[in-house]
Amino acid sequence: MNWLFKEEPTHYSYDELARDGKTSWTGVRNPVAQKHLRSVKKGDRIFFYHTGKEKAVVGIMRAAGDAYADPSDKTGALSAVDVEPVKKLKSPVTLASIKADKRFSSFVLTKVPRLSVMPVSKDEWDAIVEMSGAK
């Protein structure tokens, strides 16, 4: 599967992930985002999306393992996943450019903009990689 995870770069950026080599994606509270997070499996590809002022896909990461119980959640109801960097995109792909491209008319990012974890279809994945200048 392919995913998109969102984070405010002032909180944790792709460059910090690249420096750290791995991190735990924790603290997701939205029930729909949690449903998606629980479905993440080792090896899944994940876009790193910077929220806030940037609003752009900036990098690719990979799930280092399957989703597991979020250790920061005392109830045991929330999940987390460990991720590792794969590569920074040659050029960030902005939300504005995604919204302007009719290939993304049904993309979750354009339909449910507040969702922090979402699936990405193969066609959407390939289109974003293409838009970033990578082959």
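Which residues have the most contacts inside the largest nonpolar core? They are L4, F5, F47 and V57, in a core of 39 residues. A nonpolar core is a set of buried Ala, Val, Leu, Ile, Met, Phe, Trp, Tyr and Cys residues joined through side-chain atoms within 4.5 Å. Buried means under 20% relative accessible area, exposed over 50%, and partly exposed in between, with a 1.4 Å probe and protein chains only. Strand β4 (residues 56–63) gives the largest share of this core, 6 residues. In soluble globular proteins, nonpolar side chains tend to be buried together.

The model is predicted: local features need pLDDT of at least 70 and side-chain atom pairs count only at pLDDT 80 or more, while totals for chains, interfaces and linings use all residues. Residues are numbered from 1 along each chain as its sequence is written, and side-chain values use heavy atoms, with hydrogens and water left out.

Helices (H or I, at least four residues) and strands (E, at least two) are DSSP runs, numbered from the N terminus. Two strands pair if DSSP finds at least two bridges between them. Strand β6 (residues 79–94) pairs with strand β2 (residues 23–25) in the antiparallel sense over 3 bridges, and S24 stands opposite D82 of β6. β4 and β6 also run antiparallel, joined by 7 bridges; here V57 has V93 as its bridge partner. Strand β5 (residues 68–69) is joined to β6 by 2 bridges, again antiparallel, with Y68 opposite A80.

Next come the aromatic rings. Rings of Phe, Tyr and Trp (its six-membered ring) pair if their centres lie within 6.5 Å; planes under 30 degrees apart count as stacked, over 60 as edge-to-face and the rest as tilted. The whole structure has 5 aromatic pairs. One of them, F47 with W125, is stacked, because the ring centres are 3.7 Å apart and the planes are at 15°. F47 lies in strand β3 (residues 45–50) and W125 in helix α5 (residues 122–131), so the pair ties together parts that are 78 residues apart in sequence. F47 is buried at 0% relative accessible area, and W125 is buried at 2%. F5, Y14, W25 and F48 form one aromatic cluster.

N2 is in strand β1 (residues 2–7). This residue counts as buried because its relative accessibility is 9%. The side chain of N2 makes a polar contact with the side chain of R45, at 2.9 Å. A polar contact is a pair of N or O atoms within 3.5 Å; within protein, one must be able to donate a hydrogen and the other to accept it, and residues adjacent in sequence count only if both atoms are side-chain atoms.
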